[in-house]
Amino acid sequence: MQENQVREHIALTGKSLYDRGLAHGSAGNISVKLPDGWLMTPTNSCLGRLDPARISRLDGSGKLVSGDKPSKETFLHLAMYGERAGCGAVVHLHSVHSVAVSCMAHLDADNVFPPITAYAIMQVGRLALVPYFAPGDEALAGAVRAVAGRHHAVLLANHGPVVAGSTLEAAVYAIEELEQTAKLVLLLQGHPVRHLNAEQVAELNRRFAS
Ligand SMILES: [Zn+2]
């Protein structure tokens with residue numbers, strides 16, 4: 001894909017996430033790896049109204065080359081790329097159900113979701129929980145790096161999800177599945193739940209897990 005097409009793809013993806021209520025205000029950011037750097041959505045930009053020509057272009061060290069100033073959460077994305085060699089895109093959202101789960105007490109930090117659906121296991125896998133840090137605190141990058149090698153999906157406590165994929169499409173599908181699973185977990189609160197058993201989970205991991 002040419003860089004211009006990637007820029008269009010990012011803008012269309014942002015609009016789709018925004019139109020479906022998965023992003024609001026200036027929350028959420030998207031990046032895509034290029035052969036010599038990254039495209040990153042700009043700071044204070046609305047994912048619903050991205051101008052493809054103004055998307056930030058970063059060089060291989062993460063420095064701005066052209067376009068608007070990049071998101072203040074760029075370091076989160078770079079932490080994922082740094083630990084995952086096959087990573088082609090990263091999406092971060094403040095989507096409401098995922099954020100709600102990220103605020104819950106007593107989560108398993110190595111595997112946030114109980115095994116409720118096959119698609120959550122296939123697309124999200126073991127979701128890691130990273131402790132809370134204030135916005136802009138770059139210590140968060142170290143906390144993400146510590147888990148990103150083993151988890152392509154990370155939930156920032158009291159904040160939201162960050163998901164890496166081989167392509168932008170893969171990252172978006174996975175974060176949408178994550179949001180859907182968070183909604184299901186909340187809907188099931190207080191109800192007796194039949195979980196997939198260990199054998200069923202192992203079979204899915206053998207056949208499908210990324
Ligand atoms: Zn955020």
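The face of helix 1 turned away from its buried side carries Asn4 and Leu12, both exposed, where exposed means over 50% relative accessible area, buried under 20% and partly exposed in between, with a 1.4 Å probe and protein chains only. This is a predicted model, in which local features need pLDDT of at least 70 and side-chain atom pairs count only at pLDDT 80 or more, while totals for chains, interfaces and linings use all residues. Residues are numbered from 1 along each chain as its sequence is written, and side-chain values use heavy atoms, with hydrogens and water left out.

**Helix 1**

- Helix 1 spans residues 3-19, and its 17 residues reach 24 Å from the first C-alpha to the last, close to the 24 Å expected at 1.5 Å a residue; helices (H or I, at least four residues) and strands (E, at least two) are DSSP runs, numbered from the N terminus, and the expected span is 1.5 Å times one less than the number of residues.
- The buried residues of helix 1 are Val6, Arg7, Ile10, Ala11, Thr13, Gly14 and Leu17.
- Because they cover an arc of only 160° around the axis, they lie on the same side of helix 1, the arc being that of the directions from the helix axis to the C-beta atoms.
- Among the elements against which these buried residues pack are strand 1 (29-34), strand 5 (89-92) and helix 6 (168-187), contact meaning heavy atoms within 4.5 Å.
- Gly21, with a positive phi near 80°, follows helix 1.

**Zinc site**

- Glu73 (OE), Glu73 (OE), His92 (NE2), His94 (NE2) and His159 (NE2) coordinate the zinc ion at 2.0 to 2.8 Å; donors are N, O and S atoms within 2.8 Å of the metal (3.2 Å for Na, K and Ca), and water is not among the atoms, so sites may look incomplete.
- His94 lies in the loop between strand 5 and helix 3 (96-102), and His159 in the loop between strand 7 (153-156) and strand 8 (160-165), so the pair ties together parts that are 65 residues apart in sequence.
- His94 is partly exposed, with a relative accessible area of 24%, whereas His159 counts as buried at 17%.

**Nonpolar cores**

- The largest nonpolar core has 35 residues, and those with the most contacts inside it are Ile10, Val91, Leu93, Phe113, Leu127 and Leu168; such a core is a set of buried Ala, Val, Leu, Ile, Met, Phe, Trp, Tyr and Cys residues joined through side-chain atoms within 4.5 Å.
- Helix 6 supplies the largest share of this core, 8 residues.
- Leu93 touches residues including Leu17, Leu47, His159 and Ile175, not counting residues up to four places away in sequence.
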